Amino acid sequence: MKRFLSMMAIALLACIATMAATAKKTNLKILYVGGHSDIETLGVADYDKEAHAKSIETRTAAWKVFLETYFTTVKTVQGKDYNYRMSYDYDVTIIDGDPTPIEPRRTIIENDRFSKLIPAKYFPENFDRPVITIADESETTGRYIGVKNDWYCLCLLGHAYNMNTKSAIFKGPYKVKITTTKRPTPAGAKEYAEICQEKLPDMIPMWKVQNKDYSNTKGYKAGLVTRQWGYLDSPDTEIMSGGESAKSYGAIAIGRHANFLHWGFSASPADMTEEAKPVFLNAVIYINKFKGHHIIARKLNEGISTRTTIDEHKYTVSKENYEAYKNSIEDFNNQIKHLADSLQKVVAAGGKMSETDKMYMKMAENPQPISSYIDYVKERAGELYEMFGTDVDKYSSYYTENRPYFYCKLNEYGEILDEDAKSIGIANNDKRILDKAISMWEKGKDIEKAKRILYRYTLLRYDNAKQWREWYNKYQSKLFFTESGGWLWLVNDLDPKTPGNDYSVLKFYEFNESNIAPIQEKATKEEPVALSSAVSTVGKDKELIIRMKIYPGYHIYAKVSDQDPYIQTTYDLKAEGDVKLVGELQKPVGRPMAGSKSIILEGEQIFRQKIEGKSGKITFIVNYQACDSHACLMPKSKTITIEL
């Protein structure tokens, strides 16, 4: 293995000898974080594990040799050994493998139904060191903190197009030569253009970035393109290049959001073209200039709508788009039928079908249905169909007239027409809407409407007009509106203490436990305790959650002082089947009763019990005495049974 790596390193050095002969080393300290190979493993169950491990070593070696040729200090580590604090000892960090997260990814499941996915966290929110992320690491490491370099499609090939040659990475300090050749416009790009009533040429000039990709080398690692919509709506972003992919023409292959530079192409220096290598080197030098910067506008919802989505709606229900939709399904069905016919011939000749082949055969037996035009419009127009039917012009007029007033909630995908903004006639991306709302509050006019506007479009929660006015007067020259960042007005200021940029107020990653086990049964004076239950799954951990509601004005006793005559509440918890109780029942703390050392429970309370196992039954019994300020009821028991 060592001999192989040495030979590979020598070969790589030979390839870059011409550049290195005239280049002086740049005085930068580079940290390379490895872990990926040249083999695509995502979603591939039967990849060669030994070849993958070997490729990780050769890929890391290729990066090490390349970077050491052009920079004074280079350190390589594997992702499992990296922590974000290490980046503070280097100028630029290049991430090409999954690091160990500082908080793991969590999947919240309530009552066997998916509830919320919380991505893994790799960096703190105000992390301010320069980073280049390779391919899908942009999504992996940036998702939690809202980097705009999100996952649009892991389908980037080896060519770039639509390059912004005015960008610093194409200007130097290493000399760049861009040679383009005309290649067929990707089908996905043409299809998206048609949706927007645009037309792309059949051939477009492209620049070759890497010699291998998954189209010419089976199983080669795919690159990542990110969404272009809303990418430039904050002052800390720039698009440097698009790339050949299955998505829209504007999909981003190279881009920068604050101190994070997305290099979507997947190849290591061993497979980069000679023209691409100096561009990457320039990218390293360029991103170093953003030391001390951090994300301001956070794209926490990667699929959030932007005003471009509103524009698309004008054409979605058109006959032209319906025909394109119809043709695409017909083409797909024909391709599957052709494939199935070929497989049948293989079987007839004595061959065997793989599980994937069998899946294709079933798809051929059940071709995708094609909706009628009316059903197509109903599916896409929703409630508007009742108003406009199939009148395309009315849809277009509706979206055109209301375009300035649409917005989208951060945790949703659909658009909402803001009647508040429309009523005052100011677009939500015009900062005069903030000034107007503050003025309304100051004058005591439509205060509730003013509050809705200010709370909807900012991250501030001031409770008086004076504070709002002071903030607006101080920061209005720095305000910018971001749609991809949540349809918010933010302040272009890197001071973390600047009011108006703190996304924590939205509690986007917080899990609302009040949604778990809602009380269906009503507590009454006669039966003052009601119970409900649910099983919450966070990762591999299961937890039984029991919610108790006590009738208003009543309380029960969590603990009774030896000086009081009351009856203390007790709990019986029993598991049957293969379900096991893990640890003790976690009970609510309660509060001291006035004038006594006893502890009481009132209102809504939550009990927790960790469990293991897949099937069985758990019985929870609470034995209690309920009292109000005048009298106590006879002791009672309440039972709830949970089937798993």
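Mentor: On a 1 Å grid over the protein atoms alone, a cavity is a set of points where a 1.4 Å probe fits but cannot get out; points are joined across faces, edges and corners, and a volume is the space filled by probe spheres set on them. The model is predicted, so local features need pLDDT of at least 70 and side-chain atom pairs pLDDT 80 or more, whereas totals for chains, interfaces and linings use all residues. Residues are numbered from 1 along each chain as its sequence is written, and side-chain values use heavy atoms, without hydrogens or water.

Searching the whole structure gives one cavity of 30 Å³ or more, and the largest cavity holds about 30 Å³ of space. Its lining, meaning residues with an atom within 4 Å of a point, consists of Tyr82, Asn83, Tyr84, Pro99, Thr100, Ile102 and Tyr122. By class, five of these are nonpolar, two are polar and none is charged, where Ala, Val, Leu, Ile, Met, Phe, Trp, Tyr, Cys and Pro count as nonpolar, Asp, Glu, Lys and Arg as charged, and the others, Gly among them, as polar.

His159 is buried at a relative accessible area of 10%, the limit being under 20% with a 1.4 Å probe and protein chains only. Leaving aside residues up to four places away in sequence, its contacts include Arg183, Trp207, Glu244 and Phe265, contact meaning heavy atoms within 4.5 Å.

Conventions: Buried < 20%, exposed > 50% of the residue type's maximum accessible area, 1.4 Å probe, protein only. 1 Å grid on protein atoms, 1.4 Å probe; cavity = no way out; pocket = protein on both sides within 12 Å on 5 of 7 lines; lining within 4 Å.
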